[in-house]
Amino acid sequence: MNEMKLTFKTPDEIVEFVRTVSKYEFDVDVRRGRVVVDAKSLLGIMHLGLNSVLELKMHTGDGRELETELLKYAA
């Protein structure tokens, strides 16, 4: 499982993030505190809010390609 920390500054970044994550077959979750949402859910990610540090967890053995695409959101 690969993990990384993310922060979104604008709603457009969230939309782009969901589009990027949705291209991958494996499950990806985002967590803030005790709340965990599917990273492919636009409304779920919007619910977590902007300018907060979020924890991303990829449920795959090899998420390096996705991790590289998401570096621009790294916290």
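**Questions about a predicted fold**

Colleague: Thr20 lies in helix 1. Is Thr20 buried or exposed?

Modeller: A word on the model first: it is predicted, so local features need pLDDT of at least 70, side-chain atom pairs count only at pLDDT 80 or more, and totals for chains, interfaces and linings use all residues. Residues are numbered from 1 along each chain as its sequence is written, and side-chain values use heavy atoms, leaving out hydrogens and water. On a scale where buried means under 20% relative accessible area, exposed over 50% and partly exposed in between (1.4 Å probe, protein chains only), Thr20 has 11% and therefore counts as buried.

Colleague: Thanks! Which residues does Thr20 touch, not counting those up to four places away in sequence?

Modeller: A contact here means heavy atoms within 4.5 Å. Met58 is 38 residues away from Thr20 in sequence, with 13 Å from C-alpha to C-alpha. The residues touched by Thr20 beyond four places in sequence are Leu66, Glu69 and Leu70.

Colleague: What pattern does the protein chain follow along the sequence?

Modeller: Helices (H or I, at least four residues) and strands (E, at least two) are DSSP runs, numbered from the N terminus. The protein chain has three helices and four strands. Read in sequence order, they give β-α-β-β-α-β-α.

Colleague: What radius of gyration does the protein chain have?

Modeller: The C-alpha trace spans about 30 × 25 × 20 Å along its principal axes. The radius of gyration is taken over C-alpha atoms, and the globule rule is 2.2 Å times the number of residues to the power 0.38. With 75 residues, a compact globule would come out near 11 Å, which agrees with the protein chain because its value is 11 Å.

Colleague: And what share of its contacts with a separation of 6 or more joins residues 24 or more positions apart?

Modeller: Of the 75 residues, 37% count as buried. Among contacts with a separation of 6 or more, the share from residues 24 or more positions apart is 67%.

Colleague: Leu42 is in helix 2. Which residues does Leu42 touch, not counting those up to four places away in sequence?

Modeller: At 36% relative accessibility, Leu42 counts as partly exposed. Its C-alpha is 8.9 Å from that of Phe17, 25 residues away in sequence. Beyond four places in sequence, Leu42 touches Ile14, Val15 and Val18.

Colleague: Which elements give two or more residues to the lining of the largest pocket?

Modeller: On a 1 Å grid over the protein atoms alone, a pocket is an open set of points where a 1.4 Å probe fits, with protein on both sides within 12 Å along at least five of seven lines, and lining residues have an atom within 4 Å of a point. The lining includes Glu3, Asp29, Val30, Leu56 and His59. Its residues divide into four nonpolar, one polar and six charged (Ala, Val, Leu, Ile, Met, Phe, Trp, Tyr, Cys and Pro count as nonpolar, Asp, Glu, Lys and Arg as charged, the others, Gly among them, as polar). The elements giving two or more are strand 1, strand 2 and strand 4.

Colleague: One last one: what relative accessible area does Gly61 have?

Modeller: Gly61 is in the loop between strand 4 and helix 3 (64-69). Its C-alpha is separated by 9.7 Å from that of Phe26, 35 residues apart along the chain. Gly61 counts as exposed because its relative accessible area is 75%.
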